[in-house]
Amino acid sequence: MIRVGINGYGTIGKRVAEAISLQDDMKVMGVTKTRPDFEAELAIKKGFRLFSAIPGNEEKFRDRGIEIEGNIENLIDDVDVIIDCSPGGYGAENRRVYERHGVKAIFQGGEKADVAQTSFISLCNYEKAIGKDYVRVVSCNTTGMGRIANIIDSEWGIERMRVVVIRRAVDPKDDKKGPINAIAPNPVKLPSHHGEDLKTVMPHLNVITSAVKVPTTLMHVHMVNFNVGEMPERESLIERLKKEPRIALFNSANGFKSTASIIEYAREIRQRNDLWENCIWEDSIAVEGDEIYLFQAIHQEAIVVPENVDAIRAVMGFEDKEKSISKTNRSLGLTQ
Ligand code: NAD
């Protein structure tokens with residue numbers, strides 16, 4: 001049984017913790033919070049042992065009547081792998097603590113690539129993470145781009161990939177940032193960093209991206225365009241996508257006109273409307289000349305969860321990529 005700790009029980013941390021709880025080969029030994037708030041109380045209600053992310057802050061939790069079992073340093077001594085789900089940039093600082101305790105760590109996409117020995121997307125480069133001490137699961141946008149790029153590249157050979165990333169402004173819980181009434185090129189300087197980030201996983205890819213932020217919290221949308229070496233028939237491309245459980249196809253004729261309807265569907269079938277798949281509009285898929293076009297929506301809060309579970313197996317030396325991916329898929333209910 002792989003013993004796992006979650007440092008930072010926030011948007012990503014809480015989802016990863018629950019996904020790990022569904023695995024039969026790993027166990028959550030505890031989670032950390034910086035503040036004694038309702039999420040700390042919920043972590044305990046859900047049965048997770050709670051630790052302070054900041055050593056010395058334990059009394060703040062006890063003062064609020066929240067049962068705390070120690071701090072991050074105590075949790076680390078009890079685990080084989082730490083999943084660092086702290087806000088972007090903090091993971092690099094936290095790495096010093098992990099190094100001191102000789103514990104393996106998985107970081108998130110808010111960190112720079114050099115925080116880890118490899119960046120990671122399960123379908124693209126599981127092998128590279130096997131036995132490593134430090135791995136970085138890339139961001140939600142990069143994960144979404146990498147999954148579809150991997151399928152198209154391995155089947156038909158990508159010569160050029162171009163993506164316009166329409167980013168949700170903030171996550172639903174975030175009441176501090178915007179924009180609330182603007183479309184903001186973000187970053188303004190072109191191209192955007194997303195393409196370079198994808199190259200940390202697929203270095204050979206000719207990819208350029210641009211991005212804008214829009215006033216919505218539900219999902220990102222990508223307008224994706226590939227030039228490929230060998231043209232697929234549209235139907236065989238769709239058939240191939242249907243075989244991949246980490247891709248879900250939606251059809252506008254069924255009422256899936258926007259991210260609102262996709263999330264409404266997810267509210268009915270998933271806890272917290274989590275969509276771990278790339279959500280591709282099937283009717284957007286076009287094969288024209290030597291180009292493929294499609295729209296995909298990415299649920300930013302959820303898409304990286306399966307990759308974190310696979311990354312745990314990889315760093316612990318589990319060599320069978322397909323077995324890990326299908327085990328994770330089955331446990332989450334990804335069966336397409
Ligand atoms: P979040 O703010 O929702 O949660 C972060 C948690 O870490 C909070 O509970 C906070 O209390 C805790 N924390 C703060 N400082 C800490 C520290 N020094 N050490 C440990 N924990 C600390 O953030 P999030 O959205 O879950 O993002 C976490 C990471 O995942 C970031 O790298 C982010 O870029 C990446 N990510 C986020 C999304 C997303 O859309 N939310 C998607 C993919 C990847």
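Start with Asp171: an N or O atom in its side chain sits 2.6 Å from a nitrogen atom of the ligand. The protein buries 84% of the 820 Å² that the ligand exposes when taken alone. Keep in mind that this is a predicted model. The protein chain is split into two assigned domains, domain 1 (2-138 + 305-332) and domain 2 (140-298), and the shell around the ligand takes at least three residues from each of them.

**Contacts with the ligand**
- Thr34 has a polar side-chain atom 2.5 Å from an oxygen atom of the ligand.
- Arg168 also points to an oxygen atom of the ligand, with a polar side-chain atom 3.0 Å away from that oxygen.
- Thr34 and Asp171 turn up again among the residues that come nearest to the ligand, along with Thr11, Ile12 and Lys173.

**The shell around the ligand**
- There are 22 residues around the ligand.
- By type, the shell residues split into eleven polar, seven nonpolar and four charged.

**How the two domains meet**
- Where the domains touch, 25 residues of domain 1 are in contact with 20 residues of domain 2.
- About 1900 Å² is buried between domain 1 and domain 2, and carbon and sulfur atoms give 51% of that area.

Conventions: Residues are numbered from 1 along each chain as its sequence is written. This is a predicted model: local features need pLDDT of at least 70, side-chain atom pairs count only at pLDDT 80 or more; totals for chains, interfaces and linings use all residues. Side-chain values use heavy atoms; hydrogens and water are left out. A residue is near a molecule or strand if one of its heavy atoms lies within 4 Å of it. A polar contact is a pair of N or O atoms within 3.5 Å; within protein, one must be able to donate a hydrogen and the other to accept it, and residues adjacent in sequence count only if both atoms are side-chain atoms. Accessible areas come from the Shrake-Rupley method with a 1.4 Å probe; for residues, only the protein chains shown count as cover. Ala, Val, Leu, Ile, Met, Phe, Trp, Tyr, Cys and Pro count as nonpolar, Asp, Glu, Lys and Arg as charged, and the others, Gly among them, as polar. Domain bounds come from an automatic or database domain assignment. Contact means heavy atoms within 4.5 Å. Buried area is the accessible area (1.4 Å probe) that two parts lose on being put together, summed over both.
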